[in-house]
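Visitor: I have a model open beside its sequence, and I would like to go through it with someone. Could we take it one question at a time?

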Amino acid sequence: MNRPPSQSGPAGTAPSDPEQAGSGPTAPSARAAARIGAARHAQLDLDHFLPYRLSVLSNRVSGAIARVYSERYALSVTEWRVMAVLGRFPGLSANEVAQRTAMDKVAVSRAVARLTEAGRLERDTHDDDRRRSVLQLSPDGYKIYDEVAPMALAFEQRLLAGIESAERDALFRLLDRLDELEMQAEAEMAANKR
């Protein structure tokens with residue numbers, strides 16, 4: 001591809017006059033300037049940055065499973081996560097669902113509202129505390145849960161098929177340990193803000 005004369009000298013070479021290299025019609029392109037500017041900033045190697053790697057992997061895995069239930073049941077990822085938690089732990093409040101999933105409270109609240117409106121969730125009051133609203137799957141919600149959960153488990157089995165049993169055990173031990181360490185780090189950061 002031929003470059004315009006303003007970006008190169010004769011036959012695609014850089015301008016020979018250093019005075020012209022940084023100004024006027026021969027100034028470096030915006031992309032080159034961005035590269036020069038980026039070199040002056042902190043560098044974050046995303047391939048070796050754990051939060052980024054976990055986020056990308058989580059998004060890809062969730063997206064692959066979501067293609068199944070979103071097409072069949074018109075569920076969003078957030079809605080399915082709410083249903084998955086309540087299928088395993090019925091009787092939680094919306095705040096407790098948000099805590100268990102580490103999802104935004106507003107996103108959980110919206111998902112709960114949509115699921116309730118669609119007849120997939122039921123809201124009740126707690127036996128001991130009438131002011132506390134608790135959630136559980138409705139019969140229609142359980143019907144969907146009982147169909148989607150096995151599909152999610154089958155996908156997980158395909159995903160982990162190439163990993164030895166000992167490696168899987170080690171993976172889940174590491175995930176448990178990372179979970180503990182993340183909570184400690186979060187508590188320390190919150191304490192340092194005071």
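Visitor: With which side chain does the side chain of Glu79 make a polar contact?

Guide: This is a predicted model, and the values given here are computed from it. Glu79 is found in helix 4, and, leaving aside residues up to four places away in sequence, it touches Ala74, Ala111, Arg114 and Leu115. One of these residues is also its partner in a polar contact between side chains, at 2.5 Å, and that partner is Arg114.

Visitor: Does Glu79 count as buried or exposed?

Guide: The cut-off for a buried residue is a relative accessible area under 20%. Because the relative accessibility of Glu79 is 6%, this residue of helix 4 counts as buried.

Visitor: Where is the place of Ser138, and what is its relative accessible area?

Guide: Ser138 has its place in the loop between strand 2 (133-137) and helix 7. Not counting residues up to four places away in sequence, Ser138 touches Gly119, Arg120, Leu121 and Glu122. Residues under 20% relative accessible area are called buried, and Ser138 is buried, with a value of 4%.

Visitor: What pattern does the protein follow when it is read along the sequence?

Guide: The protein has eight helices and two strands, and of its 194 residues 21% count as buried. Read along the sequence, these elements give the pattern α-α-α-α-α-α-β-β-α-α.

Visitor: Which helix supplies the largest share of the lining of the largest pocket?

Guide: About 2100 Å³ of space lies in the largest pocket, and its lining is made up of 40 residues, with Ser58, Ser62, Arg81, Phe172 and Leu175 lying nearest its centre. The helices that each supply at least two residues of this lining are helix 3 (50-73), helix 4 (77-88), helix 5 (94-101), helix 7 (139-160) and helix 8 (165-193). The largest share, eleven residues, comes from helix 3.

Visitor: How many residues of the lining of the largest pocket are nonpolar?

Guide: The lining of the largest pocket holds 40 residues. When these are divided by type, four are polar and eleven are charged, while the number that are nonpolar is 25.

Methods:
Residues numbered from 1 in each chain as written. Predicted model: local features only at pLDDT ≥ 70, side-chain atom pairs only at ≥ 80, totals over all residues. Heavy atoms only, no water. 1 Å grid on protein atoms, 1.4 Å probe; cavity = no way out; pocket = protein on both sides within 12 Å on 5 of 7 lines; lining within 4 Å. Points joined across faces, edges and corners; volume = space filled by probe spheres on them. Helix = DSSP H or I, 4+ residues; strand = E, 2+ residues; numbered from the N terminus. Nonpolar A, V, L, I, M, F, W, Y, C, P; charged D, E, K, R; others polar. Buried < 20%, exposed > 50% of the residue type's maximum accessible area, 1.4 Å probe, protein only. Polar contact = N/O pair within 3.5 Å; in protein donor to acceptor, adjacent residues only side chain to side chain. Contact = heavy atoms within 4.5 Å.
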